[in-house]
Amino acid sequence: MMKNITALLSVLLVAACGFQPLYVQRSGEKAWYYSGDFDTSIADEMAQIKVATIADRFGQQLRNDLLDLLTPKGVPQNAKYRLKAVLVSRTVTQQAMRDDVTATSERIEYRVFYQLFAGNEELVKGDSIAYVSYDILRDPYSTTMAQKKAETDAARIIANDIVLRIGAYFHAQISGN
């Protein structure tokens, strides 16, 4: 019973703060978002984005994550938009030094520059940054697997950030906000 009341209060609190879903528009001014009548024009516009090939293994992971988020039903045949992303830098910093001056962990900063085009017109551009870290272990295999996991996580973080920013752009265009 207490959990139900807490959940209800949480929903009411979020509704009172002006929260609006990013990828769904209300069908009418007084309509409730979850009445079953959705305007999915933002998601439909985002599904019209063709993601250009990105160099290197990190770029391949980033592109795959972007494709999963933007075009879950498959790559569009006649895309209206083109997304270009480039890995600008990958900076590794060693941390937590041992007495023998070897690091016990590394922090990696990935910086990606992206641009969204409609034809030759640039619609959105920006930098996306992800910070990830991993422990350097005694077993080289474990360290290698930790490095790969950190790279995969960074690609996912950056893809989510890019998609969120593009979604905000389309939301502003469609809703006029």
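The largest nonpolar core of this predicted model holds 33 residues, among which Leu62, Leu66, Leu83, Leu116 and Phe170 touch the most other members. A nonpolar core here is a set of buried Ala, Val, Leu, Ile, Met, Phe, Trp, Tyr and Cys residues joined through side-chain atoms within 4.5 Å. At least two residues of this core come from each of helix 2 (41-46), strand 1 (49-51), helix 3 (56-70), strand 2 (81-97), strand 3 (103-118), strand 4 (121-135) and helix 4 (140-175). Helices (H or I, at least four residues) and strands (E, at least two) are DSSP runs, numbered from the N terminus. Helix 4 gives the most to the core, with ten residues. As for Leu66, its contacts (heavy atoms within 4.5 Å) are with Val51, Thr71, Leu83, Ala159, Ile162 and Val163, leaving aside residues up to four places away in sequence.

Residues are numbered from 1 along each chain as its sequence is written. In this predicted model, local features need pLDDT of at least 70 and side-chain atom pairs count only at pLDDT 80 or more, while totals for chains, interfaces and linings use all residues, and side-chain values use heavy atoms, with hydrogens and water left out.

How do two of the helices meet? Two packed helices are described by the angle between their axes and the distance between the axes. The axes of helix 3 and helix 4 come within 8 Å and cross at roughly 45 degrees. Helix 3 is therefore oblique to helix 4. Axes are lines fitted to C-alpha atoms, for helices over the stretch in contact, with angles from 0 to 180 degrees between N-to-C directions; under 35 degrees counts as roughly parallel, over 145 as roughly antiparallel, 65 to 115 as roughly perpendicular and the rest as oblique. Among the residues that meet are Phe58, Leu62, Leu66 and Leu69 in helix 3, and Ala155, Ala159, Ile162 and Val163 in helix 4.

Turning to strand 3, Gln115 lies in this strand and is buried, with a relative accessible area of 15%. Buried means under 20% relative accessible area, exposed over 50%, and partly exposed in between (1.4 Å probe, protein chains only). Gln115 touches Arg82, Leu83, Lys84, Glu122, Val124 and Lys125, not counting residues up to four places away in sequence.

Thr102, in the loop between strand 2 and strand 3, is partly exposed at 30% relative accessibility. Thr102 touches Ala96 and Met97, not counting residues up to four places away in sequence.
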